[in-house]
Amino acid sequence: MKIRYIKIDNPEKIKYKINWQLPYDRFPLIIDREYIVYAIEYTEEGRINFFILDESGNIYPHNYPSEFFQVTDNRMSKYWDGFTGKENYPAEIIFPNLITFKEWKNNKYFEEEMMDNIGDANVIFKNIRI
């Protein structure tokens, strides 16, 4: 799945809570650049976030509010747990949920393990990216 970071009207009105809570005007993203989605997060509040590799230089993805993006390729990844690669976004989902590859889906600490370079989380993510 691919998305494009877009300029939106009144971005300050978007209510969001992302793990690292950066103001929208400081997102390390480039307007009109296309990004690959590595996970889709459906929050308890009914929000949707996309995990992408941004321009920060990190080797793991960060989550961003879906309102800042346009879906350019809605094919769900065949690497995502429960999907074959033939499904399209949006899929019917029960909130909260995380759509991603099984290693991340089955380990609630996987995101932190990527950020802190614990175990082989980054190796697993790198192999999924290729």
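**Salt bridges and the strands beside them**

Tutor: Glu 67 has a relative accessibility of 28%, so Glu 67 counts as partly exposed. Keep in mind that the model is a predicted one. The partner of Glu 67 in a salt bridge is Arg 47, and their closest N and O atoms are 2.5 Å apart. Arg 47 sits in the loop between β2 and β3, while Glu 67 sits in the loop between β4 and β5 (69-73), so this pair ties together parts that are 20 residues apart in sequence. Arg 47 is also partly exposed, at 27% relative accessibility.

The structure holds three salt bridges. Another of them joins the side chains of Arg 33 and Glu 55, at 3.1 Å from N to O. Here Arg 33 belongs to the loop between β1 (2-5) and β2 (34-42), and Glu 55 to the loop between β3 (48-52) and β4 (62-65), so the contact links parts 22 residues apart in sequence. Arg 33 has 36% relative accessibility and counts as partly exposed; Glu 55, with a relative accessible area of 37%, is partly exposed too.

The remaining pair is Asp 73 with Arg 75, whose closest N and O atoms lie 2.5 Å apart. Asp 73 has a relative accessible area of 15% and is buried, because buried means under 20%.

Now turn to the strands. β3 is mostly covered, with four of its five residues buried. Which strand do five bridges join to β3? That strand is β2, and the two run antiparallel. Within this pairing, Ile 40 stands opposite Phe 50 in β3. β2 and β3 form a hairpin with five residues between them. Gly 46 is in the turn and has a positive phi of about 85 degrees. Arg 47, the salt-bridge partner of Glu 67, lies in the loop between these two strands.

β3 also pairs with β4: four bridges join them, and they run antiparallel. Glu 55, which meets Arg 33 in a salt bridge, lies in the loop between β3 and β4.

To follow this on the model, start with β3 and its antiparallel neighbour β2, then go to β4, which is also antiparallel to β3.

Technical notes. Residues numbered from 1 in each chain as written. Predicted model: local features only at pLDDT ≥ 70, side-chain atom pairs only at ≥ 80, totals over all residues. Heavy atoms only, no water. Salt bridge = Lys/Arg side-chain N within 4 Å of Asp/Glu carboxyl O. Buried < 20%, exposed > 50% of the residue type's maximum accessible area, 1.4 Å probe, protein only. Pairing = 2+ DSSP bridges.
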